[in-house]
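Work through these exercises with the structure open beside you. Each task is followed by a solution in steps.

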Amino acid sequence: MPLYKEQGLVLRSVKLGEADKIVTILTQGSGKVRAVAKGIRKTHSKFGARLEPFTHVTLLMYRGRNLDIVTQAEIITPFQRLRASFDLITAGETMLEAVDKVAEEHERNVRLFMLLLAGLRGLDAGPVDAAAVAESFVLKLLSLSGFHPSLAGCAGCGAPGPHQWFAAGQGGVVCPDCAESDAGRVSAPAVAWLDALQHMDLAGAGDMTPAREVRREARAMLYGFAEYHLDRRMRSFALLARQPDPVLAP
Ligand SMILES: [Zn+2]
């Protein structure tokens, strides 16, 4: 079996038998990899906490037929601050879940890896509004995955906005002529907030927070759009939406 070295971000880990775990890792050069870490649940495991979700690691692995096998793991970044806060973990879990859904196994996607690394760094910096960082991340991930939501021009004909209708199935905001029956009314501030999150640097996305009503409406649009195009329910959205609104310093 060929041995290979990679760096990666741990997306999740599940128990396998008495002592082992299957870890899912987004690697920089080999796409998503599912690998067995043997003996990881034993007290004196050589892996320790190195293969916990969120950890940025270098790995030495054997390529298997179905699952690879981790033989060595070293921590590059533990993202300790992220792990110490419930709000940051919740925001981070949205990132991991979304990435797990779009990443292909053994298919190199460096831009996706860099996006996730930037997202986790953004959270680890302790933003005021962690949910905003996660939501900005989801918008960028959608664009990267070919589902770029149109938030300015009409998704149907390209007519310049602002537009007052939104339809996930049509690809974003739509003009009155293009709006189909499932399009819903949206307010200009909610569209503007999503548009800002889409263009903002991840590092800055958590520095501002919108009015509660604007956020609620923008969330409904974004979550609906993401689930429609990723073709999955996103379990982490429910928790993310329940985060209390941050209190901004005057
Ligand atoms: Zn139109």
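**Exercise 1. Find the handedness of the crossing of α5 and α7, then describe the contact between them.**

Solution. This is a predicted model.
- Step 1: α5 and α7 cross in the right-handed sense.
- Step 2: Locate the helices. Helix α5 covers residues 188-199 and helix α7 covers residues 212-230. Their axes come within 8 Å and cross at roughly 65°.
- Step 3: Classify the angle. Angles of 65 to 115 degrees count as roughly perpendicular. So α5 is roughly perpendicular to α7.
- Step 4: List the residues. From α5 come Pro189, Ala190, Trp193 and Leu194. They meet Val214, Glu217, Ala218, Met221 and Leu222 in α7.
- Step 5: Sort them by class. The contact of α5 with α7 has eight nonpolar residues, no polar ones and one charged.

**Exercise 2. Decide how α2 and α4 are oriented to each other, and say which residues meet.**

Solution. 
- Step 1: Helix α2 spans residues 86-102, and helix α4 spans residues 130-144.
- Step 2: Their axes come within 8 Å, with a crossing angle of roughly 10°.
- Step 3: Angles under 35 degrees count as roughly parallel. Therefore α2 and α4 are roughly parallel to each other.
- Step 4: On the α2 side, the contact uses Asp87, Leu88, Ala91, Thr94, Met95, Ala98, Val99 and Val102. On the α4 side are Ala130, Ala131, Val133, Ala134, Phe137, Val138 and Leu141.
- Step 5: By class, the contact of α2 with α4 holds 13 nonpolar residues, one polar and one charged.

**Exercise 3. Work out how β5 pairs with β3 and with β4.**

Solution. 
- Step 1: Start with β3, residues 32-37, and β5, residues 68-77. Two bridges join these strands, which run parallel.
- Step 2: Find a facing pair. Val36 stands opposite Ile69 in β5.
- Step 3: Move to β4, residues 56-62. Seven bridges link β4 to β5, and the two run antiparallel.
- Step 4: Pick out a bridge. Thr58 has Glu74 in β5 as its partner.
- Step 5: A hairpin of five residues joins β4 to β5.

**Exercise 4. Count the helices and strands, then judge how compact the protein chain is.**

Solution. 
- Step 1: The protein chain has eight helices and eight strands.
- Step 2: Its radius of gyration is 20 Å, close to the 18 Å that the globule rule gives for 250 residues, so the protein chain is as compact as a globular protein of that length.
- Step 3: Along the principal axes, the C-alpha atoms of the protein chain fill a box of roughly 60 × 45 × 25 Å.

Key:
Residues are numbered from 1 along each chain as its sequence is written. This is a predicted model: local features need pLDDT of at least 70, side-chain atom pairs count only at pLDDT 80 or more; totals for chains, interfaces and linings use all residues. Axes are lines fitted to C-alpha atoms, for helices over the stretch in contact, and angles run from 0 to 180 degrees between N-to-C directions. Helices (H or I, at least four residues) and strands (E, at least two) are DSSP runs, numbered from the N terminus. Angles under 35 degrees count as roughly parallel, over 145 as roughly antiparallel, 65 to 115 as roughly perpendicular and the rest as oblique. Two residues are in contact if their C-beta atoms, placed from the backbone, lie within 7 Å. Ala, Val, Leu, Ile, Met, Phe, Trp, Tyr, Cys and Pro count as nonpolar, Asp, Glu, Lys and Arg as charged, and the others, Gly among them, as polar. Two strands pair if DSSP finds at least two bridges between them. A crossing is left-handed if the near helix is turned anticlockwise from the far one by less than a right angle, and right-handed if clockwise. The radius of gyration is taken over C-alpha atoms; the globule rule is 2.2 Å times the number of residues to the power 0.38.
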